[in-house]
Amino acid sequence: ISPQVKTILGYEPEEVIGQPLLDHSREVGGGSWGLMERAMKSRLPIPSLLLTVPAKDGRSVVLECKAMPYFDSQGNFRGYRGVDRDLTERKRGRELGDALNRVNDALMSTLDFETIMRRVTEEANRALSADSTIVVVREDDQWATRYGANLGEGILGEPYPLDETWGASLAARTKETVVANDTRSGKWSTKTAPEEAQSCIFVPLGVRGETTGVMIFCKNESS
């Protein structure tokens with residue numbers, strides 16, 4: 001096992017040696033398992049195979065796997081020698097592009113504004129792989145939660161004073177994206193996020209140079 005396994009998956013090589021290759025893996029797309037089984041039964045090279053593998057920290061890593069059969073000097077089959085390539089960011093980039101295209105389709109559609117905003121919020125949540133997303137709109141001296149994706153009860157539709165939503169207020173004032181790694185304590189505590197949210201990204205939304213709202217992407221502690 002190459003030491004690179006620690007860089008990609010977070011495991012030491014000795015933690016992986018002897019472990020079943022496919023026990024905790026999922027194929028990306030369809031047909032990969034059947035193709036691999038046929039190749040292994042016939043002792044043939046295994047072509048490009050995409051697998052989603054859990055990393056040690058809980059992340060899902062997309063690997064492109066290729067392998068060649070290995071025979072000893074007497075011609076006896078001894079197993080496979082393979083290489084893996086991390087395609088996680090490439091896959092996420094493709095998914096982000098697809099999601100942004102769907103956002104653009106929603107914006108260019110003839111749907112009513114409320115439906116468009118709901119779809120944009122849902123697609124943005126999917127594009128950034130967030131656990132939940134909220135759009136708050138400035139109304140006088142408070143933020144009102146107007147749209148959301150993957151939200152529980154008691155958040156959508158509620159108004160919150162500006163001093164209880166420090167991250168949203170900072171993003172609106174500076175017109176820059178604000179990242180909060182711990183929204184459960186101190187000044188970053190925000191009532192516009194679900195209770196289980198551990199970190200949030202606050203993105204200002206503007207019309208003609210004026211910030212009228214903030215889109216908040218949240219990640220939970222266990223994500």
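Arg146 sits at 40% relative accessible area, so it counts as partly exposed (buried is under 20%, exposed over 50%, and partly exposed in between, with a 1.4 Å probe and protein chains only). This is a predicted model, in which local features need pLDDT of at least 70 and side-chain atom pairs count only at pLDDT 80 or more, while totals for chains, interfaces and linings use all residues. Residues are numbered from 1 along each chain as its sequence is written, and side-chain values use heavy atoms, with hydrogens and water left out.

The partner of Arg146 is Glu139: the two form a salt bridge, and their closest N and O atoms are 2.4 Å apart. Here a salt bridge is a side-chain nitrogen of Lys or Arg within 4 Å of a carboxyl oxygen of Asp or Glu. Side chains of opposite charge can pair when their charged atoms come close. Glu139 is partly exposed as well, with a relative accessible area of 28%.

Now for strand 5, which spans residues 132–139. Strands (E, at least two residues) and helices (H or I, at least four) are DSSP runs, numbered from the N terminus. Six of the eight residues of strand 5 are buried, so the strand is largely enclosed by the rest of the structure. Strand 5 and strand 6 (residues 142–149) run antiparallel and are joined by seven bridges; two strands pair if DSSP finds at least two bridges between them.

Glu64 is buried, at 12% relative accessible area, whereas Arg85 is partly exposed at 41%.

Lys6 and Glu12 make another salt bridge, with 3.1 Å between the closest N and O atoms. Lys6 is partly exposed, with a relative accessible area of 44%, and Glu12 is partly exposed too, at 29%.
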